[in-house]
Amino acid sequence: NDDSIAMRVRFPDGQVPQQEQLYFRGPVLSRFDGLEWKNDPRSMLSSPAAMWRQDEVVRLYGPPLRYEVTMEPLNLPMLPLLEATPPIEGARPRIDNYVLMPKVDLTWPTDRIINERLRFSALAWPQHNHGPRQPVATLRDAVELPPAVNPRTLAWAAQMRNQPRYANASPRELAQALLEHIRGQGFSYTLSPGNYGSNAIDEFWLDRRAGFCEHFAAAFVVVMRGMDVPARIVTGYQGADPVPVDGWWIVRQSHAHAWAEYWQPGEGWVRADPTAAVAPERIQRGRALLPQPGLMAGALATVNPELLARMRAMWEATNNRWNQWVLSYSRSKQIDLLEGLGMKDPHWSDLGLVLAWVLAGAGLAGAAWAWRDRHRVDPWQRLQRRVRRELARLNVDAPPHLGYRAQAQAVRAAL
């Protein structure tokens, strides 16, 4: 329900992907204890750049997609990047002071919490495959389920798999069957599904059939695992506002999303988005979750919703231009400025010294201006003092309190 901006994305080459291709990958969750989904520490092992070129880890197809990101402080130790964004070969990826640690599950953790605005450029390959093509021992971890939890759903999955038409079906065929089941069995997409009990998947999949993306992704993964297919949950952001603002596509916190991946032999991990089966507008149009508006915004939207949209777009465009200007003056450009002033091998302390001198000079200039302004006299008053001095030299009695006409009469009387 948070409508604030998570990031702004721009495609400088003009190759803007479709909304259903905008998947910004965040934490991958593969361990389930019946209540919580967590990431697998073994999948979080570092992935050197060379591993991305090996056939068993990731395969990139087609031309890359160049994109630029201005990311707001997300307070997360991770960058949600467009799938799939590989690291630069031979380089230790770094953004400003943050060290990036790309992992084998295509995620981009950082060495600490991101609590400042970042801007960077990257290349993504929307057409890609990743993960092992042939069965390996670690895939069995993506089939595990806690015992005695959601028993009715597991019985439903076993019954489906034992049907003759699905007995020898591939994971892709089973996934398509589950998506068709979601489309045709009265599932609904809502932000207010109410509370679920300890066997939440049973209640969602077989009884209430109402929820949002996390409910659909979790149920899909449990059912796939119940049919002995490795599967896991992926979280992040999906889509963006339908109209760019000042050339940037806006991804909001309300674009937060959860989808699923299952393992297909000979191919690797394959994305499946169960939400698209019940709420295609959420994926195809990048429609964000709609928060409840405040009193002022709600009243203005009732009177003129287009005016409210234009006002917000103008404010966000102005804010973005300011942010871009500030971010453009990076530390490297500050060092270049010091070198231009004649400093050899400048250090950040030199920048502080220059800043102190600039502030001191500005303070002295301000004090001088204030002194001059205090002693500045109106030109007309200066002329009047000159006139009185001349009259005194001529022995004309013209005290300062006399008006101009009285001074003229005194001159006429004396001379």
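**Exercise 1.** In which loop is Thr 110 found? Determine also whether Thr 110 counts as buried or exposed, and identify the backbone oxygen that lies 2.7 Å from a polar atom of its side chain.

*Solution.* The structure considered here is a predicted model.
Step 1: Thr 110 belongs to the loop between strand S9 (98-99) and strand S10 (118-124).
Step 2: The relative accessibility of Thr 110 is 5%. Buried means under 20% relative accessible area, and Thr 110 accordingly counts as buried.
Step 3: The backbone oxygen in question is that of Arg 112, which lies 2.7 Å from a polar atom of the Thr 110 side chain.

**Exercise 2.** Describe the salt bridge between Glu 83 and Arg 271, and state which parts of the chain the pair ties together.

*Solution.* Step 1: The side chains of Glu 83 and Arg 271 meet at 2.6 Å, N to O. A salt bridge requires a distance within 4 Å, so the pair qualifies as one.
Step 2: Glu 83 is located in the loop between strand S7 (81-82) and strand S8 (94-95), whereas Arg 271 is located in strand S17 (residues 268-272); the pair therefore ties together parts that are 188 residues apart in sequence.
Step 3: Glu 83 is buried, with a relative accessible area of 5%, while Arg 271 counts as partly exposed at 34%.
Step 4: Both residues also belong to a network of salt bridges that links Arg 25, Glu 83, Arg 232, Glu 261 and Arg 271.

**Exercise 3.** Examine the salt bridges Arg 31 with Asp 40 and Arg 183 with Glu 180, and state how many salt bridges are counted in the model.

*Solution.* Step 1: Arg 31 and Asp 40 form a salt bridge at 3.6 Å, N to O. Arg 31 is partly exposed, at 41% relative accessibility, but Asp 40 is buried, at 7%.
Step 2: Arg 183 and Glu 180 form a salt bridge at 2.8 Å, N to O. These two residues are three residues apart in helix H2 (residues 171-184), which means that about one helical turn separates them. Arg 183 is partly exposed at 43%, and Glu 180 is partly exposed at 49%.
Step 3: The count comes to 19 salt bridges.

**Exercise 4.** Which residues form a positive surface patch with Arg 386, and where is Arg 386 placed?

*Solution.* Step 1: Arg 382, Arg 385 and Arg 389 form the patch together with Arg 386.
Step 2: Arg 386 is placed in helix H11 (residues 379-393).
Step 3: The relative accessible area of Arg 386 is 52%. Exposed means over 50%, so Arg 386 is exposed.

Definitions and conventions
Residues are numbered from 1 along each chain as its sequence is written. This is a predicted model: local features need pLDDT of at least 70, side-chain atom pairs count only at pLDDT 80 or more; totals for chains, interfaces and linings use all residues. Side-chain values use heavy atoms; hydrogens and water are left out. Patches are made of residues with over 30% relative accessible area and no salt bridge: like charges are joined within 9 Å, nonpolar side chains (Val, Leu, Ile, Met, Phe, Trp, Tyr) within 5 Å. Accessible areas come from the Shrake-Rupley method with a 1.4 Å probe; for residues, only the protein chains shown count as cover. Lys and Arg count as positive and Asp and Glu as negative; His and the chain ends are not counted. The place of a charge is taken as NZ of Lys, CZ of Arg, CG of Asp or CD of Glu. Helices (H or I, at least four residues) and strands (E, at least two) are DSSP runs, numbered from the N terminus. Buried means under 20% relative accessible area, exposed over 50%, partly exposed in between (1.4 Å probe, protein chains only). A polar contact is a pair of N or O atoms within 3.5 Å; within protein, one must be able to donate a hydrogen and the other to accept it, and residues adjacent in sequence count only if both atoms are side-chain atoms.
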